[in-house]
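Here's a quick tour of the fold you're about to see. Have the viewer open as you read.

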Amino acid sequence: MATVIICAVLVVICVYAVISYKKKLTSGCCGGGDSKIRVKPVDSDKSHYEHKALIHIGGMSCRNCAIRVENAFNKKDGYYAKVNLHKKSAEILSKQIMTEDDAREVLEKCGYTLTGMEIEK
């Protein structure tokens, strides 16, 4: 009897794993099925941003992750973000000085971690 229960549990686990894997193949690691829509910053003229930082991001693994991070910054007033998924980084232009705490707060709210930051100007 115990063998039947163990086999049944293993079958349920395998079925769940296959369904989860198929979902990742079709809609990226974040699921959802729909592609995220990019949010444009209110001010899209890059010359209006005085400060520039390069942040390194932990936890991104698909295009939806990159768009989620970009949108999180672009929704904030005074920020313009462009994420590079392959380098796991983002170039952030801002009208005010951005601190590591500011970047960490935005990233953690959308489920990612700040692994480094370089102020460029």
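This is a predicted model: local features need pLDDT of at least 70, side-chain atom pairs count only at pLDDT 80 or more; totals for chains, interfaces and linings use all residues.

Residues are numbered from 1 along each chain as its sequence is written, and side-chain values use heavy atoms, leaving out hydrogens and water.

Let's start with the open sheet: 4 strands in the order β2-β3-β1-β4, paired antiparallel. The edges belong to β2 (79–84) and β4, each with a single partner strand, so one side of each has no neighbour in the sheet. On average, neighbouring strands are turned by 25° against each other, direction ignored. Strands (E, at least two residues) and helices (H or I, at least four) are DSSP runs, numbered from the N terminus; two strands pair if DSSP finds at least two bridges between them.

| Strand pair | Bridges | Facing residues |
|---|---|---|
| β1 (residues 51–58) and β3 (residues 89–94) | 6 bridges | Lys 52 and Leu 93 |
| β1 and β4 (residues 113–119) | 6 bridges | Ile 55 and Met 117 |
| β2 and β3 | 6 bridges | Asn 84 and Ser 89 |

Helix α2 (residues 63–74) lies across β1, β2 and β3, at about 170° to β2. Helix α3 (residues 100–109) also packs on the sheet, touching β1, β2 and β4, and its direction makes about 145° with that of β4. Contact here means heavy atoms within 4.5 Å; axes are lines fitted to C-alpha atoms, for helices over the stretch in contact, with angles from 0 to 180 degrees between N-to-C directions.

Finally, Leu 10 sits in helix α1 (residues 2–27). At 47% relative accessibility, Leu 10 is partly exposed (between buried, under 20%, and exposed, over 50%, with a 1.4 Å probe and protein chains only).
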